[in-house]
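Biologist: Let us go through this protein together. I will ask what each label rests on.

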Amino acid sequence: MKSKGKFLVLTDMREAVGVEEIVGRTVVVNEDHIVKITANEPHIAEALNYNATVSFVDGSYICVKETQEEIVEKLYG
């Protein structure tokens with residue numbers, strides 16, 4: 001069963017406004033706000049310098065250094 005209210009620490013790799021500048025901020029997100037985690041293919045992730053995109057209920061998103069598998073492990077591990 002999925003726990004409720006767990007907070008995850010992730011590394012956001014871009015400016016929040018979508019500017020393609022790599023920043024590497026540490027962000028804390030509530031798992032209840034996550035709608036979808038989308039993985040990038042390895043060759044695309046290498047070019048973009050981020051591994052996955054996390055989408056939230058309010059329509060915002062962050063591009064993270066962690067892989068989809070790493071985030072799922074944080075959620076359910």
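**Labels and their cut-offs**

Modeller: Phe7 is found in strand β1, residues 7-14. Strands are DSSP runs of E, at least two residues long, and helices are runs of H or I, at least four, both numbered from the N terminus. This is a predicted model: local features need pLDDT of at least 70, side-chain atom pairs count only at pLDDT 80 or more, and totals for chains, interfaces and linings use all residues. Residues are numbered from 1 along each chain as its sequence is written, and side-chain values use heavy atoms, without hydrogens and water.

Biologist: Why is Phe7 called exposed?

Modeller: Exposed means over 50% relative accessible area, buried under 20%, partly exposed in between (1.4 Å probe, protein chains only). Phe7 has 56%, so Phe7 is exposed.

Biologist: How many helices and strands are there, and in what pattern?

Modeller: The protein has 2 helices and 5 strands. Along the sequence they run β-β-β-α-β-β-α.

Biologist: What makes a nonpolar core?

Modeller: A nonpolar core is a set of buried Ala, Val, Leu, Ile, Met, Phe, Trp, Tyr and Cys residues, joined through side-chain atoms within 4.5 Å. The largest one here has 13 residues. Leu10, Val54, Ile62 and Ile71 touch the most other members. Strand β4 (52-56) gives the most to this core, with 3 residues.

Biologist: Which residues does Ile62 contact, leaving aside its neighbours within four places in sequence?

Modeller: Contact means heavy atoms within 4.5 Å. The partners of Ile62 include Leu10, Val27, Val29, Val54 and Phe56.
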